[in-house]
Amino acid sequence: MALKTIQAPIPGTFYRKPSPDQPVFKEPGDIIAAGDTVGLIEVMKSFMPVVAEEGGKLAAFHIENEDPVMAGDPLYDLEA
Amino acid sequence: MALEILKPGLSTTVQDLGRPGYYHLGIPLSGAMDREALIAANALVANDDGDAALEAVFMGPEIRFTADAVVAVTGAELPPKVDGVEQPTWQAFLIKAGQVLSFGFLKAGARAYIAVAGGIDVPMVLGSRSTYPLGALGGHEGRALKAGDVLPLGPARRKPKPGALVPPGLRRPGGRDVELRMLPGLYWHRITEAAGRHFFDDVWKVAPEADRIGYRFRGGRPLDFLPREQPFGAGSDPSNIVDSCYPYGSVQVPGGTEPIVLHRDAVSGGGYFMIGTVVSADLDLIGQLQPHQQARFRAVEMAEALAARRERAAALAKLKAAV
């Protein structure tokens, strides 16, 4: 099993949910497909979706909901 | 000779040195958030200082070139790649017809300037090619770039030299923990002495909302105001004033909680008190701050503000002489 760490493409605030009262996009252990939204990053008054470029098993998140991120910070691990 | 935008990045706009002369009508200067980096990028490709280039914030675009061109990327450390091969920043490089310019992850700073020999030849609007998205003015159709846009290039002014570089000691890629010099302003008397001390002692962090209009900071202690009966025409909050002009770099603190430094796309007036104005020499530094990075404010007097301006002008002259 190759483990790959996916990095944040932009800095901002990371969200795991589409809105505070909704469930998270993905849980650790979920199988995700390329094109799935894994989270949101808020910057400059807009929310940019973090879209999976490849599929696999989402092994773990490196950051929590509403944590600050810098570009290049690890977001989650993917088992391909 | 053109640039085809394959992917626009997060918010990539055409910018030059701006559109002075219309602020009294509510049309701000616009132009590069980091003017020195724009001038450096233009110098590297043998353009004039005020030729139009692309400003990419946090994330680079993907661009296909329809003809050979000389390109330079300055400002933020956003590694350029030609057909996937990494190129240096702060150095002119050749890109061939059909090749694609893309970018790696941002390593430092916030805004990269992508200058191409000849400059981006969008129409002049009120004397500038800068994009003012809020007013749908200038640049390419008055907005940030989208996939499928095609940008014309002007004819090269002089023969550019691939390999030309800015010596490392003269580069300002933008950093963390910056100090912003501020001239305390007309409304300083509205806050308590303790609040004034806290403002300069506290460490402030860039809020994710920060953009070309204003850079919002949070994390410091709220300001306490001296009591007064609000004058006619001012709102009821103690941070409200009778409407006034907002200078570029002015620091308004709505509700006394989160200072906002107005930047190149500033609104020209309104009803928030201003604690002071960040000196013009430090506005470029703000343009290179990422969300969550730290900054502190330091009080200066006019003499130091003017000295800082002369110092930056001298540094820029040195940079241009070195290229």
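Over all chains, a search of the whole structure finds 28 salt bridges. The structure is a predicted model, and every distance quoted below is computed from it.

B:Asp48 counts as partly exposed because its relative accessibility is 32%. B:Arg157, at 44% relative accessibility, is likewise classed as partly exposed.

A second pair, B:Glu55 with B:Arg111, also meets in a salt bridge, at 3.8 Å from N to O. Here too the link is between distant parts of the chain: B:Glu55 belongs to strand β3 of chain B and B:Arg111 to strand β10 (residues 108-116), 56 residues apart. Both B:Glu55 and B:Arg111 are buried, whereas B:Asp48 is partly exposed.

The side chains of B:Glu193 and B:Arg197 come to 3.6 Å, N to O. Why are B:Glu193 and B:Arg197 separated by about one helical turn? They are 4 residues apart in helix α2 of chain B, and that spacing is the reason. An α-helix has 3.6 residues a turn, so residues three or four places apart point the same way. B:Glu193 counts as exposed because its relative accessibility is 65%, while B:Arg197, at 46%, counts as partly exposed. Elsewhere in chain B, salt bridges with shared partners join B:Asp48, B:Asp51, B:Arg157 and B:Arg158 into one network.

In α2 (residues 193-201) of chain B, the buried residues are B:Ala195, B:Gly196, B:Phe199 and B:Phe200. They lie on the same side of α2(B) because they cover an arc of only 130 degrees around its axis. What covers these buried residues? The elements include β12 (178-184), β13 (204-206), β16 (250-252), β19 (274-278) and β20 (294-299) of chain B.

The remaining topic is the interface between the two chains. Chain A and chain B bury about 1400 Å² between them, and 73% of that area is on carbon and sulfur atoms. On the side of chain A, the residues that lose the most area to chain B are A:Met44, A:Lys45 and A:Met70, which together account for 40% of what that side buries. The contact takes 17 residues from chain A and 17 residues from chain B.

How many salt bridges does the rule find across the interface of chain A and chain B? It finds 1. That salt bridge is formed by B:Asp211 with A:Lys45, whose closest N and O atoms are 3.2 Å apart. As for polar contact, 3 residue pairs are found across the interface. The elements of chain A that give two or more residues to the side touching chain B are β2 (12-15), β4 (37-43) and β7 (68-69). By class, that side of chain A has 11 nonpolar, 4 polar and 2 charged residues.

Key
Residues are numbered from 1 along each chain as its sequence is written. Chains are lettered from A and ligands numbered from 1 in the order in which they are written. This is a predicted model: local features need pLDDT of at least 70, side-chain atom pairs count only at pLDDT 80 or more; totals for chains, interfaces and linings use all residues. Side-chain values use heavy atoms; hydrogens and water are left out. Contact means heavy atoms within 4.5 Å. Buried area is the accessible area (1.4 Å probe) that two parts lose on being put together, summed over both. A salt bridge is a side-chain nitrogen of Lys or Arg within 4 Å of a carboxyl oxygen of Asp or Glu. A polar contact is a pair of N or O atoms within 3.5 Å; within protein, one must be able to donate a hydrogen and the other to accept it, and residues adjacent in sequence count only if both atoms are side-chain atoms. Ala, Val, Leu, Ile, Met, Phe, Trp, Tyr, Cys and Pro count as nonpolar, Asp, Glu, Lys and Arg as charged, and the others, Gly among them, as polar. Buried means under 20% relative accessible area, exposed over 50%, partly exposed in between (1.4 Å probe, protein chains only). The arc is that of the directions from the helix axis to the C-beta atoms.
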